[in-house]
Amino acid sequence: MAQEIKFSLLYRDMWQSSGKYVPTVEQLTEVAPAIIDMGCFDRIETNGGGFEQINLLFGENPNKSVREWTQPFNDAGIQTHMLERGLNAIRMSPVPADIRRLMFHVKKKQGTDIARSFDGLNDPRNLENSIKYAKEAGMISQAALCITVSPVHTVEYYTQLADTLIEMGADEICIKDMAGVGRPASIGKIIKNIKARHPKTVIQYHGHAGPGFQMASILEAAYAGADYIDAGMEPLSWGTGHADILAIQAMLKDAGFNVPKINMNAYMKVRTLTQKYMDDFLGYYINPKNRMMNSLLIGPGLPGGMMGSLMSDLENNLASINKWKRKHNQNELTQDDLMIKLFEEVTYVWPKVGYPPLVTPYSQYVKNLALMNVLQLEKGKKRWSMIADNVWDMILGKTGKLPVDPAPEIIEMAKSKGLEFYTGNPQDLYPDQLDEYRAEMEKKNWDTGLDDEELFELAMHPEQYRAYKSGDAKREFDEDIAKRKAEKEASESINTVPAYNGNGFQPKTLVVNIDEEEYVVHINYPDNGNGTISQAPTAAKPAESAPAPVVVQSTGQLKEIPSPLEGKFFLTKDSSETAIKVGDKVKKNDIIGYIESMKTYNAIASEVDGTVTEICFANGDTVDEDDILIKLQ
């Protein structure tokens, strides 16, 4: 009898691997019946990852979304599953144990059957509570192996990791090839080993198409005994996403596996609805390059889903680098030049910081660290001169044990800064906080919600939940999407201006966005056929001032602390810190503020002793490199 292979549709991950947002609850409940009618899915990934946080960002209640989205699948007998990040749960930073525990109870009651839990460092200690809490809540615990390729991450390494997680109580194992760089033969060997040792353990393979290995990996996984294969579908398959269900089903059927049939009418219905949601607003947040596969990702091993943010980072920082190079009479770089330099730096940095698997959030950390090094090196500065706080937490062991120790130079750098390495259980560093958030809700007269689901959202995503409750999130999203639509319409208008035919046209007025500055463009079609275009900024465009000089101490008593890079300036990064103020005394190496760049906070240390005489920027202000942040006497 042919081996049976079942399929899971990654409708949540399809969107988040392609862009920023996910469909609204109305859109999700509209497409659910057509997904069910396809008849080929035994499972569907409905939530988890950034799903709830993203709902809050566009002003939607994620609890309503999860409950209404999972219900049709619950009724149809299709299992639903979510993705969670172990110690980080469904956010990018560590979560107290009491909030993690509540999450599983809430998600089960909302209709989620399976918790896929991974740790970005493959540290079993960070998954122990996930397995325990999931089973306690009545969910199926599916523990994930984060696949990457390094001298450390061998077939035996993953086989032993699976043994440990199953001994901890995991019901299932997920082979999570988040970057799609796992080599097909090795993936097959890992699954074969696990099945040989634990024949009753269900194995689900998850991969991304990006570098080009995925179809071969799926075939090897099936031959080795995988029970479920994750799949995507058009118009959001391939590229940074996942192989399309049509191709997977046809390939496995030809190989002799027992696979379900696909209702093509329903497939086309889902495809059409997905495209409709893209046309509505979601497509405005999808970089067209994310629809392409890119084998350049094999070298650095970065997830394809990061390409959107990575290209944005490159674009933003390319302008900064070239501005510096022009000033110093050096040849400018192209975006491709910078991308190759970044990929090469990732391969240099990665082993130095202990080979963390390149999955959320550590893929972002390694990429950001590498890009920061490139920026500094290109400007004649030293490598490692800017290491963000969350990267230091990873290096120091505060979020889990690295696969190998950091390089001696990194260890020495930590010691020179007075930083201490942590060897205890990471969860112990983050005490329970649920009572604090419950007290906040009582004070504000907010309802904790059915099954405490509103309390959970505040505790898991405090800043985003408060913005949702105040209406700021919805207002900011509406403003952003209106701006994006206006820019697209203006661009299309410019590209479709009719040729002058001698009959005369009325002047056409357009709003154009160039380098984040808006201009009113008046287009005239004079009788002589020689059109003229005049531009006027919608608001006075400030003259570009020369960058402030890099000054640590002036010839007098005035001492100035410059910004080491571009970004947003903050005096504190969270409410637990006390901001410095005018009159405070600071010593050398004291933290005087932070620069938020590429979604990470970089601590700015004072280079001298002194008393604060002036704070030159307000919280959240954007600063250029070398702008003076603080003045001391």
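Predicted model: local features only at pLDDT ≥ 70, side-chain atom pairs only at ≥ 80, totals over all residues.
1. Residues are numbered from 1 along each chain as its sequence is written, and side-chain values use heavy atoms, with hydrogens and water left out.

2. The barrel. Eight strands close up in the order E1-E2-E3-E4-E5-E6-E7-E8, with parallel pairing. Neighbouring strands of this sheet are turned by 25° against each other on average, direction ignored. On the labels: helices (H or I, at least four residues) and strands (E, at least two) are DSSP runs, numbered from the N terminus. Strands pair if DSSP finds at least two bridges between them.

3. Strand E7 and its partners. Strand E6 (residues 172-177) pairs with E7 in the parallel sense over six bridges, and Lys 176 stands opposite His 206 in E7. On to E8: two bridges join strand E7 (residues 202-207) to strand E8 (residues 228-231), again parallel. There, Tyr 205 stands opposite Ile 229 in E8. Five of the six residues of E7 are buried, so the strand is largely enclosed by the rest of the structure. Buried here means under 20% relative accessible area, exposed over 50%, and partly exposed in between (1.4 Å probe, protein chains only).

4. Helices on the sheet. Helix H10 (residues 245-254) packs on the sheet and touches strand E1 (6-9), strand E2 (41-48) and E8, its direction making about 150° with that of E8. Helix H6 (residues 124-136) lies across strand E3 (79-84), strand E4 (114-117) and strand E5 (140-146), running at about 160° to E5. Contact means heavy atoms within 4.5 Å. Axes are lines fitted to C-alpha atoms, for helices over the stretch in contact, and angles run from 0 to 180 degrees between N-to-C directions.

5. Ser 217. You'll find this one in helix H9 (residues 214-224). Ser 217 is buried, at a relative accessible area of 0%. Not counting residues up to four places away in sequence, Ser 217 touches Gly 182, Arg 183, Pro 184, Ile 187 and Tyr 205.

6. H18 against H19. The axes of helix H18 (residues 453-460) and helix H19 (residues 462-470) come within 5 Å and cross at roughly 120°. That makes H18 oblique to H19; angles under 35 degrees count as roughly parallel, over 145 as roughly antiparallel, 65 to 115 as roughly perpendicular and the rest as oblique. Glu 454, Glu 457, Leu 458, Ala 459 and Met 460 in H18 meet Pro 462, Tyr 465 and Arg 466 in H19.

7. H18 against H4. Helix H4 (residues 62-76) packs with H18 at an angle of about 120°, their axes 9 Å apart. H4 is therefore oblique to H18. Pro 62, Asn 63 and Arg 67 of H4 make the contact with Glu 453, Glu 454 and Glu 457 of H18.

8. Glu 440. This residue is found in helix H17 (residues 434-443), and at 15% relative accessibility Glu 440 counts as buried. Leaving aside neighbours within four places in sequence, Glu 440 is in contact with Trp 446, Leu 458 and Arg 466. Glu 440 and Leu 455 are 15 residues apart in sequence and 9.5 Å apart in space, C-alpha to C-alpha.
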